[in-house]
Amino acid sequence: MTLHCMAFTRAIDRASQLLPSHSSVFYHVRACFLTPSTASLLFNRNKISSAVCGSLYTDNDDTGFSNPRVVPQSTINAMIEEIYGELAVQSIQGEGGAARVRQHANPLKKNLMGPYYPPVWAMVFTNPKLPLSVDIGSGSGRFLMLLAKRNSGSSNFLGLDVRHKLVERSNAWAEQLQLKNMHFITANATIALDSLLATYPGKLTFVSILCPDPQFKTRHYKRRIVQRPLVNAIMKYLAVGGKIFLESDVEEVVLDMKRHFKEHLGDSLVLVKKHESTSIEEKEWYPENPTGVPTEREVAVLGRGLPMFRLLYERV
Ligand SMILES: C[S@@+](CC[C@H](N)C(=O)[O-])C[C@H]1O[C@@H](n2cnc3c(N)ncnc32)[C@H](O)[C@@H]1O
């Protein structure tokens, strides 16, 4: 079995070299075709826990990966417990929190085109004057939930996602966890961010766009999250010293996001570098998730032993 796994791992590695990393074929092949044992092998290589490994194959982890045939539910549960156990979300799931949601939603759907109005901040946050972190494409919301829990009293956290069911569930979790520094809004962030932040009374200090949907087809590029209106809104509100954190396992997607921020580089944005040994050659990639909390997608990608391409910018 081990030999079989090693051969399979080599085949995957070889396929990775042959197919351009931005090809949708490559993306889906690598998303679906690892077996749990092969993944465990990759895991051991990367010294990450095998429990997390199972997350690669779930069909309900909101990450876009789908191969329920090879993932036992127990492995999925173990992953959730290990990474997000601190939130005690399992009991919440038991109360119907694990609603099935569509893997993808079209951000250009009519009902997502606005107009958007900001919430009454004092209704959603205990102290609306605290510094604000915004996670764009917040998915399941657990990434933000952990951050909110760990930074309660010092920061507010806002998650934006086009998938209404996920947003509803995240807000229900926030309520049950009594996190009064976290809120989620259903929105196409690309066009909504400017209006939503217009009345926030505190400073915007952190924006994350983590593993956005790649939208590989050229005709779908217009659905990509990072477009000029979003960049303009971020640059309008981000405080000096504030950070923008971008990441994806698809290199081309991060390079595309970078292209949109390029006109601000050197002038009002600087790239934060941290030169540590990294398997990724290009030195400007930030080697780790600076928040210390992985997103669900990130856990899956790292668990597979695949690279994550990260950029960290600071407003100057
Ligand atoms: C691949 S998931 C990544 C979720 C999470 N950030 C993670 O890393 O696990 C991308 C998320 O972005 C959301 N999304 C796509 N386009 C969006 C848009 N224009 N505005 C807000 N959210 C969007 C999707 O619904 C999905 O939940």
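**View 1. The whole chain and its elements.** Helices (H or I, at least four residues) and strands (E, at least two) are DSSP runs, numbered from the N terminus. By this rule, the chain has 13 helices and seven strands. The model is predicted: local features need pLDDT of at least 70, side-chain atom pairs count only at pLDDT 80 or more, and totals for chains, interfaces and linings use all residues. Residue numbers start from 1 along each chain, as its sequence is written. A residue is buried if 20 or more other C-beta atoms lie within 10 Å of its own, exposed if 12 or fewer, and partly exposed in between; C-beta atoms are placed from the backbone. Of the 316 residues of the chain, 40% count as buried. Two residues are in contact if their C-beta atoms, placed from the backbone, lie within 7 Å. Among contacts between residues at least 6 apart in sequence, 77% join residues at least 24 apart.

**View 2. The shell around the ligand.** A residue is near a molecule or strand if its C-beta atom, placed from the backbone, lies within 6 Å of it. How many residues surround the ligand? There are 23, and the closest are Pro 107, Gly 137, Gly 139, Thr 295 and Arg 297. Strand 2 (156-161), helix 10 (189-197) and helix 13 (296-303) each give two or more residues to this shell. Helix 13 has the largest share, three residues. For residue types, Ala, Val, Leu, Ile, Met, Phe, Trp, Tyr, Cys and Pro count as nonpolar, Asp, Glu, Lys and Arg as charged, and the others, Gly among them, as polar. The shell divides into ten nonpolar, seven polar and six charged residues.

**View 3. Strand 2 and its two partners.** Is strand 2 enclosed or open? Six of its six residues are buried, so strand 2 is largely enclosed by the rest of the structure. Asn 156, Leu 158 and Leu 160 lie on one side. Phe 157, Gly 159 and Asp 161 lie on the other. Two strands pair if DSSP finds at least two bridges between them. Strand 1 (residues 132-136) runs parallel to strand 2, joined by five bridges. Here Val 134 stands opposite Leu 158, and Asp 135 stands opposite Gly 159. Strand 3 (residues 182-186) also pairs with strand 2 in the parallel sense, over five bridges. Across this pairing, Asp 161 has Thr 186 as its bridge partner.

**View 4. Crossing from strand to strand.** A crossover is right-handed if, with the strands pointing away from the viewer, the path from the first strand over the helix to the second runs clockwise. From strand 2, the chain passes through helix 9 (residues 164-176) to strand 3, in a right-handed β-α-β crossover. Strand 4 (residues 204-210), helix 11 (residues 228-237) and strand 5 (residues 238-248) make a right-handed β-α-β unit.

**View 5. Strand 1 and the strands beyond.** Strand 1 is mostly covered, with five of its five residues buried. Leu 132, Val 134 and Ile 136 point one way, and Ser 133 and Asp 135 the other way. Five bridges join strand 1 to strand 4, and the two run parallel. Asp 135 has Ser 208 as its bridge partner in strand 4. Strand 4 pairs with strand 5 in the parallel sense over six bridges. In that pairing, Ser 208 meets Phe 245 as its bridge partner. Strand 5 and strand 7 (residues 309-315) run antiparallel, joined by six bridges. Ser 248 stands opposite Phe 309 in strand 7.

**View 6. Inside the largest nonpolar core.** In soluble globular proteins, nonpolar side chains tend to be buried together. A nonpolar core is a set of buried Ala, Val, Leu, Ile, Met, Phe, Trp, Tyr and Cys residues joined through C-beta atoms within 7 Å. The largest one has 61 residues; among those that touch the most other members are Met 145, Leu 160 and Ile 234. Helix 8 gives the most to this core, with six residues. Seven of the nine residues of helix 8 are buried, so helix 8 is largely enclosed by the rest of the structure. The buried ones include Phe 143, Leu 144 and Met 145. Leu 160 touches Val 134, Ile 136 and Ile 185, among others, not counting residues up to four places away in sequence.

**View 7. Val 120 in a loop.** Val 120 sits in the loop between helix 6 (89-97) and helix 7 (121-124). Is Val 120 buried or exposed? Val 120 is exposed, because 10 other C-beta atoms lie within 10 Å. Val 120 and Thr 199 are 79 residues apart in sequence and 8.6 Å apart in space, C-alpha to C-alpha.
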